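Have the structure open as you work through each solution.

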Amino acid sequence: MEFSRELRSSVLSGDITVSFRLWQRPQVKVGGRYRVGDARIEVDSVEMIPFALIEESDIRRTGEVDRQSLRQRAAHAGPIHDETLLYRIEFHVVA
């Protein structure tokens, strides 16, 4: 799983534990381990959720400051409206 350079250290420190992705199909699987810098993350859950139903607590867990910044970051793959389905990926760092 790829993360923006400015987010990688927060992913590796465990501060970021959720990511939202605008994918046509899942690119990760539960239990899968993926390299992030010098470490790996393991995916705990993958589900689809409409953008409008993303909880504030999850926005904080993505490392974003608010809903609009999350929308902008996830929109590199296309426009995101309130009804747009995104993949919610929860993960943790593994040794």
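**Exercise 1.** Does Tyr87 count as buried or exposed?

*Solution.* Keep in mind that this is a predicted model. The relative accessibility of Tyr87 is 8%. Buried means under 20%, so Tyr87 counts as buried.

**Exercise 2.** Find how many aromatic pairs there are, and describe the pair formed by Phe3 and Phe91.

*Solution.* Start with the count, which comes to 2 aromatic pairs. In the pair of Phe3 and Phe91, the centres are 5.6 Å apart and the planes make an angle of 55°. Planes under 30 degrees apart would be stacked and over 60 edge-to-face, so this pair is tilted. Next, locate the partners: Phe3 is in the segment before helix H1 (5–12), while Phe91 is in strand E4 (residues 85–94), so the pair ties together parts 88 residues apart in sequence. Finally, check burial: Phe3 is buried at a relative accessible area of 7%, and Phe91 is buried at 2%.

**Exercise 3.** Which parts does the pair of Trp23 and Tyr87 tie together?

*Solution.* First the geometry: Trp23 and Tyr87 form a tilted pair, 5.9 Å centre to centre with 40° between the planes. Trp23 belongs to the loop between strand E1 (18–21) and strand E2 (33–36), and Tyr87 to strand E4, so the pair links parts that are 64 residues apart in sequence.

**Exercise 4.** Locate the charged ends of Arg21 and Arg67 that sit over rings.

*Solution.* Look at Phe3 again: the charged end of Arg21 sits over its ring, 5.1 Å from the centre. Then move to Phe51, where the charged end of Arg67 sits over the ring, 5.6 Å from its centre.

How values were computed:
Residues numbered from 1 in each chain as written. Predicted model: local features only at pLDDT ≥ 70, side-chain atom pairs only at ≥ 80, totals over all residues. Heavy atoms only, no water. Phe/Tyr/Trp six-rings, centres within 6.5 Å; stacked < 30°, edge-to-face > 60°. Helix = DSSP H or I, 4+ residues; strand = E, 2+ residues; numbered from the N terminus. Buried < 20%, exposed > 50% of the residue type's maximum accessible area, 1.4 Å probe, protein only. Lys NZ or Arg CZ within 6 Å of the ring centre and 35° of its normal.
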